[in-house]
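Let us walk through this model piece by piece. Keep the sequence and the coordinates open side by side.

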Amino acid sequence: MSNQEPTLSEQHEIRVEKLEKLRSAGVNPYPYEFNVTHRSKEILDQEDSFIADSENQESAERVSVAGRVMTRRIMGKASFFNLQDSQGTIQIYIRRDDVGVEEYNTVFKKMVDIGDIVGIKGFVFKTRTGETTIHAEEFQLLSKTLRPIPIPKEAEDESGETVTYDTFADKEQRYRQRYVDLIVNPHVRDVFRKRTEMVQAMRNFLNDHGYLEVETPILQPIYGGAAAKPFVTHHNALDMKLYLRIANELYLKRLIVGGYDGVYEFSKDFRNEGLSRFHNPEFTQVELYVAYKDYHWMMEFTEQMIEAVALALHGSTKVKSGDHEIDFKTPWKRIPMLEAIEKETGYDLYQKSEEEIREIANTLHIDVDKSMGKGKLIDEIFGEHVEPKLIQPTFITDYPIEMSPLAKKHREKEGLVERFEAICNGKEIANAFSELNDPIDQRQRFEEQARLREEGDEEAMAVDEDFLRALEYGMPPTAGLGVGIDRLAMIMTDSKSIRDVLFFPQMRPE
């Protein structure tokens with residue numbers, strides 16, 4: 001072999017050879033279990049209670065840790081290596097005289113590679129340089145890796161500057177091989193821990209208010225609850241077309257009809273749309289429906305819940321996101337949608353006809369087509385000229401009726417509905433209505449959606465006869481809310497792309 005560093009395939013072959021030698025020597029490279037008593041962070045945080053001096057090693061508390069070998073310094077009869085577990089990294093000191101000649105010389109020195117998973121039992125001490133370290137008394141190989149871990153390396157270039165190479169930094173590669181990303185970029189694990197903490201904080205808030213967590217179907221015979229194009233599948237036994245849900249709204253409202261005062265669901269939803277920094281075809285949202293409330297009440301509830309989430313995650317209502325500091329302290333600003341559009345464009349769209357709005361959109365150089373109805377045209381204008389400028393949490397209220405086929409008509413303003421969206425950092429993070437509970441009005445709205453479908457709008461809703469039947473049994477006044485978990489997680493973890501907060505985002509085939 002040349003003096004050049006082995007290729008990936010060569011390294012793989014070398015490791016497979018080591019694997020075979022371990023088995024020939026009677027060493028199981030993949031044992032069944034290992035008793036872990038402590039994690040690295042616990043030891044480092046409470047080092048004083050673990051550390052033994054040279055006089056009381058016999059009575060010192062023993063620890064048992066496991067993780068990956070991330071660096072090694074072989075020094076003859078003794079060595080140091082760094083072990084990375086789920087909570088961090090800790091130094092290990094290992095000697096031939098403690099773990100045995102065979103384990104040290106044959107297994108550790110010759111057969112263990114960077115990335116291998118090992119188990120260590122021993123006691124904690126501090127080195128002369130003051131580093132908290134585990135003195136290994138027992139060593140066991142727990143999993144032999146066949147692929148090298150892409151550990152960053154440093155070297156000096158010709159000018160004497162330190163250069164880092166072999167980093168696992170390519171975005172697409174990181175998303176495709178998230179398992180490697182999590183190994184070599186510990187901060188990524190922190191992002192996903194924070195996402196879980198965020199969801200738990202929301203769940204606690206909802207439970208503390210007495211609302212019931214439920215589950216509704218993912219496979220639906222009629223998709224609804226949002227304007228989106230669905231994924232289509234087929235059920236063989238029933239010989240029927242089914243859709244992956246685009247929202248769970250209509251099922252949750254059926255439960256309000258059934259007598260529950262408040263229900264919510266953290267749901268995986270699916271929309272057959274393009275990929276972007278803010279869109280993934282599979283995404284998560286929480287939807288909440290509360291009987292006898294309206295959108296005014298839901299606005300206050302939403303801002304209180306997300307303020308509570310910020311405090312739970314950051315200990316403050318202020319959260320850094322990119323170049324901005326977002327302050328979730330209540331109350332948030334409230335602006336009617338058409339008023340916000342007029343402020344930014346100079347055009348008052350209230351009670352304008354579809355053709356008038358189309359002409360305004362053209363004047364504003366917005367790309368529109370004939371399939372777009374009045375609601376979509378207004379949405380495009382808002383998305384182009386208003387939404388990106390809303391950095392601090394803002395409630396945009398009182399939407400045109402054409403944009404909201406499931407919302408109750410505004411009690412004061414003709415042609416509008418009682419709806420709000422929470423916009424933050426230039427993107428929608430929540431959507432809510434005073435829910436439409438008039439079955440005749442709802443049927444007319446569905447029929448208008450059907451007309452838009454005939455004109456080419458693939459995202460228009462379908463008529464759901466069973467949902468209309470449920471409304472005919474009577475649904476109380478109800479406030480509904482949907483919060484985009486992925487987008488909120490982007491803000492709460494200071495992540496630039498939705499793919500940064502999804503373990504396994506959708507990717508094109510390699």
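D494 sits in the segment after α16 (485–492). Helices here are DSSP runs of H or I with at least four residues, strands are runs of E with at least two, and both are numbered from the N terminus. The model is predicted: local features need pLDDT of at least 70, side-chain atom pairs count only at pLDDT 80 or more, and totals for chains, interfaces and linings use all residues. Residues are numbered from 1 along each chain as its sequence is written, and side-chain values use heavy atoms, with hydrogens and water left out.

Start with the backbone. Most residues other than glycine have a negative phi, and most peptide bonds are trans. D494 is not a glycine, yet its phi is positive, about 55°. D494 counts as partly exposed, at 33% relative accessibility. The classes are buried under 20% relative accessible area, exposed over 50%, and partly exposed in between (1.4 Å probe, protein chains only). Y292 also has a positive phi, near 70°. Y292 lies in the loop between β13 (282–291) and α10 (295–314). Its relative accessible area is 58%, so Y292 is exposed. Now look at the peptide bond from T330 to P331: it is cis, with omega near -5°. P331 belongs to the loop between β15 (324–327) and β16 (333–336).

Next, the sheet. Eight strands form an open, mixed sheet in the order β8-β12-β13-β20-β19-β18-β17-β16. Its edge strands, β8 (212–213) and β16, each pair on one side only. Pairing requires at least two DSSP bridges between two strands. β18 (residues 416–424) and β19 (residues 427–434) run antiparallel, joined by six bridges. Within this pair, F420 stands opposite A432 in β19. α16 packs on the sheet and touches β12 (262–270), β13, β18, β19 and β20 (478–484). Contact means heavy atoms within 4.5 Å. The direction of α16 makes about 55° with that of β20.

What does α16 meet in α8? Residues K194, R195, M198, V199 and M202 of α8 meet I485, D486, L488, A489 and M492 of α16. By class, this contact has seven nonpolar, no polar and three charged residues. Nonpolar covers Ala, Val, Leu, Ile, Met, Phe, Trp, Tyr, Cys and Pro; charged covers Asp, Glu, Lys and Arg; the others, Gly among them, are polar. The axes of α8 (residues 186–208) and α16 come within 10 Å and cross at roughly 120°. Axes are lines fitted to C-alpha atoms, for helices over the stretch in contact, and angles run from 0 to 180 degrees between N-to-C directions.
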